[in-house]
Amino acid sequence: MSRLSRAIKRHERTATSLVPQRQSIRKEWTLMGIAEISTNNSARPAVELSMSAQTMYDKCVTLARNLWWTWQPDVINLFRDLDPIRWRQLDHNPVALLAEMTPERLEARVAELALQSRINQAYRRLKEYLAERPLWARTNAGVLGSKPVAYFSLEYGVHESVPIYSGGLGVLSGDHCKSASDLGVPLVAIGLFYDQGYFKQHLTVDGWQEEEYIDVDVTKLPLDLVTDAEGKPLIITLETRTSRLLAKVWQMRVGRVNIYLLDTDVDGNSPEDRELTSRLYGGDNRTRIRQELVAGVGGVRVLRALGIKPGVYHLNEGHSAFAVLEVIREKMMDDGLSFEEAFREVRQCTVFTTHTPVPAGHDRFDAGLVEEHLGPLRDALGISHETLMGLGRVEPSRMDEPFCMTVLALKCSRKANAVSALHGRVTRQMWSPLFSWRVEDEVPIGHITNGVHIPSWLAWQMKLLYDRYFPDRWFERMGEPEVWQAIYNVDPGELWETHLTLKNQLLAFVRRRVSRQCRRRNEPDEVIEAARTILDPNILTIGFARRFATYKRAPLILHDIDRLARIVNDPQRPVQFIFSGKAHPRDTAGKEFIKAIANLRHDPRFAKRIVFIEDYDINVCRHMIQGVDVWLNTPRRPLEASGTSGQKAVLNGALHFSVLDGWWAEAYDGSNGFAIGHGATHRSEQVQDARDAESLYHVLETQVIPEFYDQDADGLPRRWVLRMMNSISSLAWRFSSHRMVADYVRLAYLPAACGTSAEMPR
């Protein structure tokens, strides 16, 4: 189906599907005493607009088109106040919201709610933010001011309204860009624009995951088409042995950072190639290598066309490793270097981050695909097919070994890192054959543990609490451990009440989503009504939400189903669970995991104690990490590279309860959360699963539940709140993306850009 046909169907579907949804939300807001705002978009009157109306509208558009607003609670609340009903229906998308409003309507709404000063203040703050270079960057980023970092990633999770991400890797990339913006690190990002994004998830009555791809209306996104010097759309051309690929470029602003997204929906491409960038992680190996050619080689050509001369190339995963070959070609062309000379120079300024701890997770392509897509570039590099294939092989002369993108990235990088300390060990062991002349401990792969962007994930209620007790301007010093020690100054009762407020908001959200799921499946009225009262705010609430890959072991809690039933239905100390997450469309085992959990709603023992939220995204994640009491994580050690969802939960007072894997292996100190197991790994997966399940139940029954329900006469669980404080004070600063990006600057970017004043080789 063509994009035009899909667009027509999308608009038809939207027009009908929003009617019952809008009626439901209208009823809810009416009960809350909030008047509905008309969204009738009549034609503008043929009179000149007042300057105030047009100016106010333009300021709002400017705010909406820079995703800086996504981590500014006051600006988020401002957009929400313009039309609360449509704000929710439009996935919190201010560009789409403003597209439905004329300047006159906006002016009337602004006057009604006295929003003018708030708009002016937000607009002024954005302008000031963009104009200044923070002290941190001036002091620490040095030479990067003239030689910026070019950051390559195949997905970016900045906000739910821009659905070009699937999960943790994309959210990590988004947080990396946000922190680079806040710190003032000169960085430009490269990726792909997926006009269908990742799939929408729906569960059938029997719990089976179904996928739906919906076209994204680019006119309703904060994207601008990049043009050339003549004002025409910038078109990037890529030659393969069998075709010519064209790509246009979109610009997305994230604070001070620009993200450039390549899109192959261009006249002149074949129908197949116009669909090439439609879906994230869709298609076969041929689709994947073509996407990676566009992202890598095409991304470097975008930078050249824009006159951007990076001092550092950062490959976030191996997906974009073809970029280094194009940079080598440019060096050869510009400076008259041989391939070997250009290779050495480019290697010195390239940084590579790997996130995948299992061999099967790394992209590999056969020789035919590589020659078809890299052949013209290989000709320009003046190297043989065997030399090119050797760059992607652990053993270059082994003809049956496929081309691995991670091997190419490792061979072409000055600095390479894993994303946690334990992952660093696993990665050095995995790739030690590539460095056979070194002992394993000397394999040149370090680690920089992932972090999260605190302003994006911290609930504004919790921020208000911190503002009252933390040092002045603490938000500018969130990477300093001393700042977070102020959590012990917070009144325990006030911290607990703030948490309960967020918990109640989460449960209200869950009830809305679950009842909507039931309505979509045409379930009986009594089932829908029961969904509106599901879960109890007084009960210990545990959240589990992430990609449903099998190694993450979502059903580990179901290992002894009768024991679980006794735990959740304890008359004095009950427990309830909220699950969410997607399985890859081709991951049948992951879908079975979802089915097993979702179908517990049909078991009377769990009907009111375990729920599954469909269509996990940033919005669902935000609600869950801000409102649960405990965040559960059960990967099969050591297969969790890092994991960041638990870091987000910690910021908001939730306690992390996890296998000692990824970031938790270096974070748990005995008083700042709970641990499953002792960090041991059994040779047998079945034995390890059984052992971890037993530890999970034991810690839950003997530590988590008793401590949560050990409350004083005022209903305050003092030991629990102290553990919350220990968690926040020891973890929030350490696992922030500000700390992470600062580490990249100090340990990777400055050395790669020749910006260090002293450095000795190992």
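Student: Which residues do ring pairs link into a cluster with W496?

Tutor: First the rule: rings of Phe, Tyr and Trp (its six-membered ring) pair if their centres lie within 6.5 Å, and planes under 30 degrees apart count as stacked, over 60 as edge-to-face and the rest as tilted. Here, ring pairs join W496 to F657, F674, F708, Y709 and W720 in a cluster. Keep in mind that this is a predicted model, where local features need pLDDT of at least 70 and side-chain atom pairs count only at pLDDT 80 or more, while totals for chains, interfaces and linings use all residues. Residues are numbered from 1 along each chain as its sequence is written, and side-chain values use heavy atoms, with hydrogens and water left out.

Student: How many aromatic pairs does the structure hold?

Tutor: There are 31 aromatic pairs. Take F199 and Y213: their ring centres are 6.3 Å apart and the planes sit at 70°, so this pair is edge-to-face. F199 is in the loop between strand 2 (187–192) and strand 3 (200–203), and Y213 is in the loop between strand 4 (209–212) and strand 5 (223–225), so the pair ties together parts 14 residues apart in sequence. Strands are DSSP runs (E, at least two residues), as are helices (H or I, at least four), and both are numbered from the N terminus.

Student: Which charge lies over the face of Y213?

Tutor: The rule here is that NZ of Lys or CZ of Arg is within 6 Å of the ring centre and within 35 degrees of the ring normal. R279 lies over the face of Y213, 3.7 Å from the ring centre. K463 lies over the face of F475, at 4.8 Å from the ring centre.

Student: Now salt bridges. What is the general idea?

Tutor: Side chains of opposite charge can pair when their charged atoms come close. The cut-off is a side-chain nitrogen of Lys or Arg within 4 Å of a carboxyl oxygen of Asp or Glu. By this rule the count is 57. One of them joins E372 and R286, at 2.6 Å from N to O. E372 belongs to helix 14 (residues 367–381) and R286 to helix 11 (residues 285–305), 86 residues apart, so you get a link between distant parts of the chain.

Student: Is E372 buried or exposed?

Tutor: Buried means under 20% relative accessible area, exposed over 50%, and partly exposed in between (1.4 Å probe, protein chains only). E372 has 15% relative accessibility, so it counts as buried, whereas R286 is partly exposed at 25%.

Student: What does D689 form a salt bridge with?

Tutor: Its partner is R553, with the closest N and O atoms 2.7 Å apart. D689 is in helix 27 (residues 685–709) and R553 in the loop between strand 15 (540–545) and helix 23 (561–568), so the pair ties together parts 136 residues apart in sequence. D689 is buried at 17% relative accessibility, and R553 is buried at 3%.

Student: And how many residues are in the largest nonpolar core?

Tutor: A nonpolar core is a set of buried Ala, Val, Leu, Ile, Met, Phe, Trp, Tyr and Cys residues joined through side-chain atoms within 4.5 Å. The largest has 140 residues, and those with the most contacts inside it are L144, I259, L325 and Y749. Apart from that core lies another, of 92 residues, including L535, L556, V611 and W720.
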